[in-house]
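Student: Pick one part of this model and take me through it closely. I'd like it set against the rest of the chain, with cut-offs spelled out.

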Amino acid sequence: MPGHREREVFAVVEPGDFMVVDTTEPYEFEFKGDWRMLSFRVQHDRITHRLSAFRNRLGTSIGSEGAGSAVTALMTSLSSLADDVPPAAADALVQAFESAVVGTLAATPAPADDCNRSNPLQAAVLEFVKRNYGDPELNADRVSRVFAISPRTVHALFEGTGSSFARTVRQLRLQHAFDVLSDPASSISVTELARLSGFYDPSSFSRAFRQHFDVSPMELRRSHGAQTA
């Protein structure tokens, strides 16, 4: 009977089915009769952002047919592996298992009481972008790999916000830089700020900044009396 803070969930798991639970939240299993359970644990920080779009599927029973067959097949195969698997191979298998779990949850229909809520995948992708806009490698392809969706789906999710993926990322980066440069106590160099804001070089950062705010980074810093180090 798994559950978490947002809601209490009760589910019956039949032989061959599986479920995903967040072990950082309270949950409980009740066994009736003879049971043999195969379980896998994945590091929370490796997968939590990928699961955020599908939290309403956690603690629900998922069948072993369709997309669920990929997870059950991997669980069976991984359980029979020897303990001397090379680290690189073990990590690749863990990543494959994580992607299979996320993909299966994405293909699982939402509970009936959640069907009319706002798009949880869109919210999760937006949150991921807000946390990672400072990474110069952030692009639609990376987001698609993280959430096990296609780049086309990533772009479609942002179209639903009235903006595009690239425009959203650039605006987040430039707004962060604007806030830092407007702080009189800030002494970070423009070069370092460009790097931390997700730009590969200071010149492209300065051009984008001027185009967006009609003022250069140094001009904004001087106008707010910030240090010019």
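Tutor: Let's start with methionine 37, which sits in the loop between β2 (7-8) and α1. Helices (H or I, at least four residues) and strands (E, at least two) here are DSSP runs, numbered from the N terminus. Bear in mind that this is a predicted model, where local features need pLDDT of at least 70 and side-chain atom pairs count only at pLDDT 80 or more, while totals for chains, interfaces and linings use all residues. Residues are numbered from 1 along each chain as its sequence is written, and side-chain values use heavy atoms, leaving out hydrogens and water.

Methionine 37 counts as partly exposed because its relative accessibility is 47%; buried means under 20% relative accessible area, exposed over 50%, and partly exposed in between (1.4 Å probe, protein chains only). Together with Phe29, Phe31 and Trp35, Met37 makes a nonpolar surface patch of about 400 Å². Patches take residues with over 30% relative accessible area and no salt bridge, joining nonpolar side chains (Val, Leu, Ile, Met, Phe, Trp, Tyr) within 5 Å and like charges within 9 Å. A salt bridge is a side-chain nitrogen of Lys or Arg within 4 Å of a carboxyl oxygen of Asp or Glu.

An α-helix has 3.6 residues a turn, so residues three or four places apart point the same way.

What about the two ends? At the start of α5, asparagine 139 brings a side-chain oxygen to within 3.1 Å of the backbone nitrogen of aspartate 141. Just after α5, alanine 148 has a positive phi of about 55 degrees.

One of the covering helices, α4, also holds lysine 130, whose C-alpha atom is 9.2 Å from that of arginine 173, 43 residues away along the chain.

As for the whole protein, there are 10 helices and 2 strands, and 35% of the 229 residues count as buried. Among contacts between residues at least 6 apart in sequence, 68% join residues at least 24 apart.

Methods: Polar contact = N/O pair within 3.5 Å; in protein donor to acceptor, adjacent residues only side chain to side chain. Contact = heavy atoms within 4.5 Å. Areas by Shrake-Rupley, 256 points an atom, 1.4 Å probe, with all protein chains shown as cover.
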